[in-house]
Amino acid sequence: SKFPWVGEALYRGELWKAPELPWHYILVWIGISTPIPYLVLFVAGAAAILVRILPVRIEGQRRWLWKDEGELQDLLFLALVVGPLGSVIALDSVLYDGWRQMYFLYPAIVLVALRGWVLLWNWRPRAPESAWPRVLGVGTALCLLHTTWWMARAHPYQNLYLNVLAGRDVRKRFDLDYWGLTNRAALEYILAHDERPLIKVAPGSWTYLNMSLLLLEGRERTPLSVVKDEGELQDL
């Protein structure tokens, strides 16, 4: 909560100092960067877990929050999500761009979502032979195939995934490639289409092009010269 990073983050179209980010920053980032079916299943799983323990079970004179190891495990998975999230919100902790400091929550999120999937699988409409299991199975397969297809198409930049909840023109609303991983591809494109003996390039954000140059072959770095800002490109 006292980490002294004062960098800026682009959040919903505005630049915020890290210590001044609103409390919902982490929740919004998890919401826009997780596939929507996973979010729906997580909510269903969390609801199922909470309903089982409220009101608490009473056995003899002692009060229990779970009746077996399975329910205890589900409660632990939910606590592994809610606990850290509640902590950074309550302590107003400084967060980097996105939710990369909180990625360790993702396995627990998926496990709670699996509880939601099991809940839906066991649900049966009022019919002797319900087609619901087949519908859920096909829907799950299609969701997983779509996620796999997106990751394969976006490779090696699948870390830039955002869902429809992020809205339109996301580049002006949220930080995306804050590591500058796509800079290498941009420089390779320039080298392939510009034959001048010396090419000046300037960064379009706060990511450093010099690090991307190190990923290019030595012979390719020769015609590229990195300048600090776009104003130095006017003499070209």
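Select W99 to begin: this residue is buried, with a relative accessible area of 5%, where buried means under 20% relative accessible area, exposed means over 50%, and partly exposed lies in between (1.4 Å probe, protein chains only).

The model on your screen is predicted, so local features need pLDDT of at least 70, side-chain atom pairs count only at pLDDT 80 or more, and totals for chains, interfaces and linings use all residues. Residues are numbered from 1 along each chain as its sequence is written, and side-chain values use heavy atoms, with hydrogens and water left out.

Next, select Y11, which is buried with a relative accessible area of 1%, and F174, which is buried with a relative accessible area of 3%. A search of the whole structure finds 11 aromatic pairs, a term for rings of Phe, Tyr and Trp (its six-membered ring) whose centres lie within 6.5 Å, with planes under 30 degrees apart counted as stacked, over 60 as edge-to-face and the rest as tilted. Y11 and F174 make an edge-to-face pair, 6.1 Å from centre to centre with 65° between the planes. Because Y11 lies in strand β1 (residues 8–11) and F174 in the loop between α5 (132–154) and α6 (183–193), the pair ties together parts that are 163 residues apart in sequence; strands (E, at least two residues) and helices (H or I, at least four) are DSSP runs, numbered from the N terminus.
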